[in-house]
Amino acid sequence: MSEEDAESDDSEPTERADLESVIATIRERIEPDDDERERLRTVAGRLIDRADAAATERAPGADVLQVGSTARNTWISGDRDIDIFVRFPPDTEREALERYGLEVGHATLPDGHEEYAEHPYVKGCVEGFDIDIVPCFRLESATDIRSAVDRTPFHTQYLEERLDDDLAADVRLAKQFLKGIGAYGSDLRTRGFSGYLTELLVVEYGGFRPLLEAAANWHPQVILDPEDHGRGREAAASSRDAEVGDADLPFDDPLVVIDPTDPERNVAAVCAPENVARLQHYAREFLEEPRADVFEPTDLEPIDEAGLREHLERRGTTPVAIRFDAPDLVEDQLYPQLRKSLEGITTGLDDRGFDVFRATTVADETATILVELAVSERPAVERHDGPPIHVRTHAEGFYDTYADDPDAYGPFVDGDRYVTERPREFTTAEGFLESDRLFDVGLGAHVETALEDEYEVLVGEEITALLEEFGPELARYFEPRP
């Protein structure tokens, strides 16, 4: 054996030991201890009994069950969420279900308050635990759902049958890893990996490390079909890491995980491409150089005015920002509208030649759409090419349209076609953003209403006015990480 081979053989066990050492450290830190588990069981049991009594009193045949990570033993130490679902018979009218659900919720949580998703539910806090009492229909199959929450009991049942203690511990590792890299959470602001999706991935690959090893080599579109639903594929059993050409699926997401309880649903549909890519990046990095701090979320320090000005001078771009009062919406409604508005505004700027370099949107008390431009000013005229002169009918129509326009140059012949140079509608991005033409782009409905009320446009160093409210977000934008 050569000296080089010997060194290679010696280093591999060391690297493996380092990885396992880091994993063991994190595992110990995030594992709920016996006291924490007992406190959760006690609180959950008491609330389940209370909810069960209130539910069966109102609707014979109703039942109650605990769902989510605390039911599946995949919760991380310090998590305080207990989700209790009240299932009503399928012949219950929806209006009655909502009414009974709130009554059961308030009977279970006398100090709770009502919140609204697809239908209302009751939320409260008991002994430091955050409790949700959610009504749903008790159905035979997840394909028969009447609302999104009806799937959840099926998810819990499916995973309870497949998760042992070792896999549950690996799910905790995967969740903490995703939290650390900023890719955990299916809310529409984060657009990351949900708890259910994380659990399915760990089960599918057989553990945390196998998941990272697979993710490091993903080639999107990645298709996983845990129950071999098929959906037009002949080799569902070998579905892992299938290329898009191998599939006949109604999904175009980079990661497709067919819901084992509902073959029409992609569990990973909410995952943004950048979060799939982020998992790949950090999986490769961690496997190559294991370190504990990757499991820890990092809160960026707000950028200060001097730092922001330095970035602007160094980049030589022109940032423009539209700032307005944030619509009074929950984040899952607000952020899709902000992103739609961002897309419409960037398209409008690009179409007018202002060359969008990068863009983002953030919200708190106010909302901001920030667009960084490579070009912020354009000439007073723009070129408009007509058809080739030999295409007689169209060419003559083009010529006649512009022949008597006193503000245009031409029409004249350039090459084989007519060309005219017309006055440009907007010579600056600021002019476009301050005009009524802004409302011709695709804006979210509530964003459009907010802009109609009032908004301001900030250009260049004027965006320093955003620092007080959005210092960390501007730091993330100008000092990006994977």
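**View 1. The largest pocket holds about 1900 Å³ of space.** Closest to its centre, among the 47 lining residues, are Asp83, Ser186, Asp187, Ser194 and Asp332. The lining divides into 18 nonpolar, 13 polar and 16 charged residues. A pocket is an open set of points on a 1 Å grid over the protein atoms alone, with protein on both sides within 12 Å along at least five of seven lines; lining residues have an atom within 4 Å of a point. Points are joined across faces, edges and corners, and a volume is the space filled by probe spheres set on them. Ala, Val, Leu, Ile, Met, Phe, Trp, Tyr, Cys and Pro count as nonpolar, Asp, Glu, Lys and Arg as charged, and the others, Gly among them, as polar.

This is a predicted model: local features need pLDDT of at least 70, side-chain atom pairs count only at pLDDT 80 or more, and totals for chains, interfaces and linings use all residues. Residues are numbered from 1 along each chain as its sequence is written, and side-chain values use heavy atoms, leaving out hydrogens and water.

**View 2. The second largest pocket holds about 1400 Å³.** Its lining counts 39 residues, with Gly182, Arg189, Arg278, Thr360 and Arg476 closest to the centre. Helix α15 (467-478) gives the most, six residues. Helices (H or I, at least four residues) are DSSP runs, numbered from the N terminus.

**View 3. The largest cavity holds about 50 Å³.** In a cavity, a 1.4 Å probe fits but cannot get out. Its lining includes Phe177, Phe193 and Phe208. Nine lining residues are nonpolar, one is polar and none is charged.

Terms used: Helices (H or I, at least four residues) and strands (E, at least two) are DSSP runs, numbered from the N terminus.
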